[in-house]
Amino acid sequence: MSLLTVEGVVSGYGEMQVLRGVDLRVEDGEIVSIVGPNGAGKSTVMKLIFGLIKPWEGRVTFAGEDISGMAPEQIVRRGLCYVPQVDNVFPTLTVEENLEMGAYILDEPLKARKERIFELFPRLAERRNQRAGKMSGGERQMVAMGRALMLDPKLLMLDEPSAGLAPLLVDLIFEKVAEINETGVAVLMVEQNAKRSLELAHRGYVLATGKNQVEGPGAQLLGDPEVARLYLGG
Amino acid sequence: MDPAVLPRSVLLAVPLYLLLVVVLRGRSALVKHALAAVVALALAAGLSLLLPAGTISYVTTFLLMGSIYAVLTLGLNVQWGYTGLFNIGVAAFFAVGAFTSALFTLKMPTGAAAAFTQQAFGFGAPFWVGLLAAGVVAGVLALVVGWPTLRLRGDYLAIATIGIAELVRLVFQNERWLANGPQPLRGIPQPLSCLTGSGCDWLPGFVNAFFDPLAPRDYPYLYVAIVALVLFLVYTGLERAIRSPWGRVLRAVREDEDAAAMVGKNVAAFRMQAFVVGAVIMGIGGSLYAHYVVAIDYGHFDPLYGTFLIWVMLMLGGSGNNRGAVLGALLVWAIWTGTSFLVDALRPTLEAISPVLPQRGPYVRLLLIALLMLFIVLYRPRGVLPEEKVVSLTRD
Amino acid sequence: MVGARPLPRSRALRRAVSSVLGSRWSLVGLLALIALVIVLASSAQGVSGTRMLGLVVRGVLLGGVLALGALGVTLVHGVLKMANFAHGDYMTLGAYLALAIMSVLPPGRSVFGLGFGYEFLVALVLVMPLVGLVAYGLDRVTFRRLRQRRSAPVMMAMAALGVAFGIRSIVYMVFGADFAFYYQGRPRPVVELFSGVRVRTDQLFILAFSLALIVLVYLLLERSKVGKAMRAMADNPDLARISGIPTERVVFWTWMVGGALAGAGGMLYGLDVQLRPEMGWWLLLPLFASVILGTIGNVYGALLGAFTIGIVWQVSTAFVNPAYGPAAAFVVMILALLVRPQGLMGGGR
């Protein structure tokens, strides 16, 4: 049984249809990457999985349970956490407070969890009492990811984690994604930087015009010149 | 038959005629006006003959106040309905118009009266001068007030306008030298009141003779004709304006300010114009009010009567729609006066709850109106008449 | 930028002027200027230093009460993105609920050195959660539905006005339109603070209690989970949902805290001055002036704004008709909006 399955999903915003039938799955512990041109609906798929948009058709299951259209508050309890692309930190809260918000639903002391996040992102440990809004793009991305990891999710969803970052930081972020995955957390990410993300991913999906176009192991997709030409801009 | 019935019917026919002219659109002009005149006269005469004097008198005063509030609501519609300006300080312009008209038309008190009444000025001018002055002064106030505040966004503008209304109220309450505040300013002259008395010397003899049977208590019939005429002029003027290129820009500004600015329209100027035009109309409404109630003080223009009630009228009728504004005004005025009957009818129940409650009837009515507003906002936000699709008459 | 031409002198000058004008310091400067004008005007009118000092002290007092209301307004605006025009009437509600409670309790002797008995304190303790619950209840029935529909701000504002008038009408119906007092004919001890400035001990209590509540709110927002969640929701409501924060529960606590503060503020104001059904509506303008001056949504700003407005209000009575006090607050607010619309604590320089 796959950890996450998305079956035949059709949806959009208001009256505007964006997804025209998307299927994908993520297995335990793997990294799956969704790539494709702008406007393909990649971010929309993420929002739909996480309950921010309701599916018009099709369904989403997580760990065997149908979570289609479930509220984010419930989804988070089941081990699925999400990092949006923009506005992904609480700017007036400190780094530490941002992390605490990630584990709000828990009633236990959070010290151990916070320490684990700080081990993963040592740069954040130095800045734990700084306001998240005053940090650089890369650091903010780390805060956002840290916040999502506080609940020890089984699956972490990342929406364009490398967007707007300098190349050095892009390397760092992808390194961290690999590190996170090594601890057993599955990762589903949407990425504009197709090359880097497919290099990292176990499997990839190419999405265009709201539908799956191609699917396969990351390396295979990377190597396929057709895919590269049509969807990845060469 | 009471000889007063004839002149009364003729006067009552005026608002009915104007109403029919507006409603019967799309017919050829001559036919339309003739038809309207005939039907109006017939209707007025019929009502005068069939209904008891007390009832028809009540209907007249109802139409009168409803029409005055309709003018005010039309003013708000220009500001909010058409331009999206969030003005919760309607009372300021209403009050300023009323007091201006009063001061222009009153004479300065002399002799013994001067001990009781203080005024900043009193020109003893005719009614129409007061009416125009009311509009002008309200417009000037809007200009002064709008310059610093119109650039503010939504909620901030709302608070600023609340502040202005409070400021105006405080001034009329505390500045004795201005308009006798907090005491009422009394004896505001009523236009053409001579017709219900011994006749107006500046009118031809046959007119005086025709209206001779009227007594002073018939004055509302006369005034309703005047008010209906003003309402008619304001309404048709606005309907024209909204279909003009100017009106188009206003609507564009409300829909999408950035787009309007990008097309090169001076958005700030248009907002100011709409604000001022709306204020002028509210001032005119104030003048009509003052000359009807004859004595005014700051309490007439409190947040309920001066602002909230008018917003309820506009929201119920449907904003962005002049017909809706007028309809809403009449409807809500009907509901407001209806609550008076309701509270009277419920008197025994109120007594049972508490002996002091019946005398606090006005506050029960206030609660009912507040509930009405909540009802509208929750269940009928678009009002009774939806915003109409407006087709412009001329190309830009 | 390569090849960019320098801006024409006039445009560069205008930009420089507006950037200076919009800075935080120019707003502070404006307030200092107002203070200077007030001092000059009052000395020109021969107002004594003692009186001025006394007015400043009264202003601080009033500021404490305003702060309680302003905190509620700013919290609600931050978390719910709504300008609550009914907040003044929540204060009225608190004041009159206390009157009702105190009328059924047997009156006691004055508490040590103050002008009120135990029943006032009992009412204080009861009224705060009561008003909080009423505020939450009203939200459930009206504002929440509008939020879910993503209604335009004008609808929310009209709903708030409807609630405001509704509460006021009920107060009128139950208590009538006359003034009311918590205590009449009871001696109200006075104490001299310094150099001839006198205050009532009640007023010291009011200030102390206001400050205590303010400290509690600070602790709530900085140290408690719910308080941090309130700040998180004010920052980014979508992310708050995404993080799994139970937003409805946070909304509940926002109204409880805001309502409780309003109820306490109303009671304290009633103790100091008097009760009238319009008391809260008349405070609405100074409340919003405080909040806007201190940047809407910013808790510290609300405090700063409240004390500033309170002082300006009281001090202006030295040379204008005291009835115009709220008007002075209004003028300061307008000037602040013109110079720096984002307020003292807002973003930017």
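Predicted model: local features only at pLDDT ≥ 70, side-chain atom pairs only at ≥ 80, totals over all residues.
Local features were taken only at pLDDT of at least 70 and side-chain atom pairs only at pLDDT 80 or more, whereas totals for chains, interfaces and linings use all residues. Residues are numbered from 1 along each chain as its sequence is written, with chains lettered from A and ligands numbered from 1 in the order in which they are written.

Two residues are taken to be in contact if their C-beta atoms, placed from the backbone, lie within 7 Å. Of the two pairs of chains that touch, chains B and C have the most contacts. This contact draws on 34 residues from chain B and 32 residues from chain C. On the chain B side, at least two residues each come from α6 (127-149), α7 (154-174), α14 (303-317) and α17 (361-379); helices (H or I, at least four residues) and strands (E, at least two) are DSSP runs, numbered from the N terminus. Helix α7(B) makes the largest contribution to that side, with 12 residues. By class, the side of chain B that touches chain C holds 27 nonpolar, four polar and three charged residues. Here Ala, Val, Leu, Ile, Met, Phe, Trp, Tyr, Cys and Pro count as nonpolar, Asp, Glu, Lys and Arg as charged, and the others, Gly among them, as polar.

Chain C also meets chain A, with 14 residues of chain C in contact with 20 residues of chain A. The elements of chain C that give two or more residues to this side are α8 (225-235) and α9 (237-242), and α8(C) gives the most, six residues. The side of chain C that touches chain A is made up of six nonpolar, three polar and five charged residues. Chains A and B, in turn, share no contact, and their closest C-alpha atoms lie 20 Å apart.

Within chain A, four strands form an open sheet in the order β2-β1-β4-β5, with antiparallel pairing. Strands count as paired if DSSP finds at least two bridges between them. The edges are taken by β2 (16-26) and β5 (65-66) of chain A; each has a single partner strand, so one side of each is left without a neighbour in the sheet. Strand β1 (residues 4-13) of chain A is joined to β4 (residues 57-62) of chain A by five bridges, and A:Glu7 has A:Arg59 in β4(A) as its bridge partner. Helix α1 (residues 42-49) of chain A lies across β1, β2 and β4 of chain A, at about 70° to β2(A); axes are lines fitted to C-alpha atoms, for helices over the stretch in contact, and angles run from 0 to 180 degrees between N-to-C directions.

Strand β3 (residues 31-35) of chain A is mostly covered, with five of its five residues buried. A residue is buried if 20 or more other C-beta atoms, placed from the backbone, lie within 10 Å of its own, exposed if 12 or fewer, and partly exposed in between. Both faces of β3(A) are covered: A:Ile31, A:Ser33 and A:Val35 are buried on one side, and A:Val32 and A:Ile34 on the other. Four bridges link β3(A) in parallel to β8 (residues 186-190) of chain A, where A:Ile34 stands opposite A:Val190. Four bridges also link β3(A) in parallel to β9 (residues 203-208) of chain A, with A:Val35 opposite A:Val206.

Helices α3 (residues 95-102) and α6 (residues 137-149) of chain A pack at an angle of about 35°, their axes 7 Å apart. Residues A:Val95, A:Asn98, A:Leu99, A:Met101 and A:Gly102 of α3(A) meet A:Val143, A:Gly146, A:Arg147 and A:Ala148 of α6(A). This contact comprises five nonpolar, three polar and one charged residues.

In chain C, 17 of the 18 residues of α12(C) are buried, so this helix is largely enclosed by the rest of the structure. By contrast, C:Val104, in helix α4 (residues 87-104) of chain C, counts as exposed because it has 7 C-beta neighbours inside 10 Å.

Finally, A:Asp87, in the loop between β6 (80-83) and α3 of chain A, has a positive phi near 50°. A:Asp152, in the loop between α6 and β7 (155-159) of chain A, likewise has a positive phi of about 50° although it is not a glycine.
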